[in-house]
Amino acid sequence: MAFYSEEEQTEDYLFKIVLIGDSAVGKSNLLARFARDEFYPNSKSTIGVEFQTQKLDINGKEVKAQIWDTAGQERFRAVTSAYYRGAVGALVVYDISRRQTFDSIGRWLNELHTHSDMNVVTILVGNKSDLQDAREVSTAEGKDLAEAQGLFFIETSALDSSNVTSAFQTVVREIYNILSRKVIQSQELKKQDPTWMGNGKTVVLQADGIQEADGQAKKGGCCSS
């Protein structure tokens with residue numbers, strides 16, 4: 001999987017991905033490490049919503065991942081439905097050295113499923129794996145929860161960058177795989193309905209369907225099995 005700079009070619013696909021989890025679990029640093037290979041040891045929570053974009057090449061198709069960070073709002077439990085709207089991927093993050101952040105995962109999953117498609121591609125991320133001496137949540141516990149909830153699972157460290165890229169790539173690749181299946185279905189629909197026309201524009205994958213860049217909905221749903 002290759003990366004492209006912002007100035008290079010126009011992307012073929014645009015995926016919205018959200019980062020959720022308790023305050024100070026390292027969401028912003030995960031995003032900074034992935035998008036810019038940066039880490040801020042003294043970063044502070046900020047109010048508002050921030051996002052970064054990253055371009056990736058998957059199977060010869062250019063994908064633009066638009067990754068949204070709650071940026072401190074979770075402290076006030078003010079993450080709104082607008083934040084989740086259109087998301088097709090999510091990283092649910094906890095801090096392996098703070099059990100209470102792991103215990104909150106169920107609440108975050110409930111919120112995600114309340115405000116987004118039930119089939120949004122989700123990975124459970126145990127961050128700060130570099131803090132082995134302070135670990136309060138075992139790897140096995142994380143795996144067990146992910147398996148019970150039907151999620152992907154990975155442990156990461158934004159500090160030393162281990163598995164950070166893999167976490168985001170796992171979500172993006174799975175979304176792409178789902179979209180590929182939907183495109184095949186759409187092609188079948190096109191064969192059956194001669195009036196169905198595509199225009200070759202950027203495909204925006206959203207929870208309520210596959211759309212063109214101009215907002216014209218295509219036939220077929222999204223993210224359902």
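**Figure 1. Strand β6 in the predicted model.** Val-121, Ile-123, Val-125 and Asn-127 point one way from β6, while Thr-122, Leu-124 and Gly-126 point the other way, and all are buried. The model is predicted.

**Figure 2. Pairing of β6 with β5 and β7.** β5 and β6 run parallel and are joined by seven bridges. Gly-89 has Val-121 as its bridge partner in β6. Strand β7, residues 152-155, also pairs with β6 in the parallel sense, over four bridges. In that pairing Gly-126 stands opposite Glu-155 of β7. Together with α5, the strands β6 and β7 make a β-α-β unit that is right-handed.

**Figure 3. Helix α4 and its buried face.** The helix spans residues 105-115, and Ile-105, Trp-108, Leu-109, Glu-111 and Leu-112 are its buried residues. Seen down the axis of α4, these buried residues fall within an arc of 160°, so they line one face of the helix. An α-helix has 3.6 residues a turn, so residues three or four places apart point the same way. Asn-110 and Thr-114, on the other side of α4, are exposed. The cover over the buried residues of α4 includes the strands β2 (13-20), β5 (89-95) and β6 (121-127). It also includes the helices α2 (81-84), α3 (99-103) and α5 (139-149).

**Figure 4. The largest nonpolar core.** This core has 50 residues. Phe-15 and Leu-91 are the residues with the most contacts inside the core. Helix α6, residues 164-192, supplies the largest share of the core, with nine residues.

**Figure 5. The salt-bridge network of Asp-95, Arg-98 and Lys-128.** These three residues are linked in a network of salt bridges. Asp-95 has a relative accessible area of 1% and is buried, whereas Arg-98, at 24%, is partly exposed.

**Figure 6. Two further salt bridges.** The salt bridge between Glu-62 and Lys-55 has its closest N and O atoms 3.6 Å apart. Glu-62 counts as buried at 2% relative accessibility, and Lys-55 counts as buried at 5%. In the salt bridge between Asp-37 and Arg-33, the closest N and O atoms are 3.0 Å apart. Here Asp-37 is exposed, with a relative accessible area of 54%, while Arg-33 is buried, with a relative accessible area of 15%. The count of salt bridges in the model comes to eight.

**Figure 7. Gly-86 and Ser-116.** Gly-86 is found in the loop between α2 and β5. Its relative accessibility is 16%, and Gly-86 counts as buried. Along the chain, Gly-86 and Ser-116 are 30 residues apart, and their C-alpha atoms are separated by 7.2 Å.

Figure 8. Most residues other than glycine have a negative phi, and most peptide bonds are trans. Ala-24 is not a glycine, and its phi is positive, near 70°. The residue is placed in the loop between β2 and α1 (27-36). Ala-24 counts as partly exposed, at 48% relative accessibility. Ser-161, likewise not a glycine, has a positive phi of about 70°. Ser-161 lies in the loop between β7 and α6. With a relative accessible area of 34%, Ser-161 is partly exposed.

**Figure 9. The protein chain as context for the close-ups.** The chain has six helices and nine strands. Of its 225 residues, 47% count as buried. Among contacts between residues at least 6 apart in sequence, 72% join residues at least 24 apart.

Note on methods:
Residues are numbered from 1 along each chain as its sequence is written. This is a predicted model: local features need pLDDT of at least 70, side-chain atom pairs count only at pLDDT 80 or more; totals for chains, interfaces and linings use all residues. Side-chain values use heavy atoms; hydrogens and water are left out. Buried means under 20% relative accessible area, exposed over 50%, partly exposed in between (1.4 Å probe, protein chains only). Helices (H or I, at least four residues) and strands (E, at least two) are DSSP runs, numbered from the N terminus. The arc is that of the directions from the helix axis to the C-beta atoms. Contact means heavy atoms within 4.5 Å. A nonpolar core is a set of buried Ala, Val, Leu, Ile, Met, Phe, Trp, Tyr and Cys residues joined through side-chain atoms within 4.5 Å. A salt bridge is a side-chain nitrogen of Lys or Arg within 4 Å of a carboxyl oxygen of Asp or Glu. Two strands pair if DSSP finds at least two bridges between them. A crossover is right-handed if, with the strands pointing away from the viewer, the path from the first strand over the helix to the second runs clockwise.
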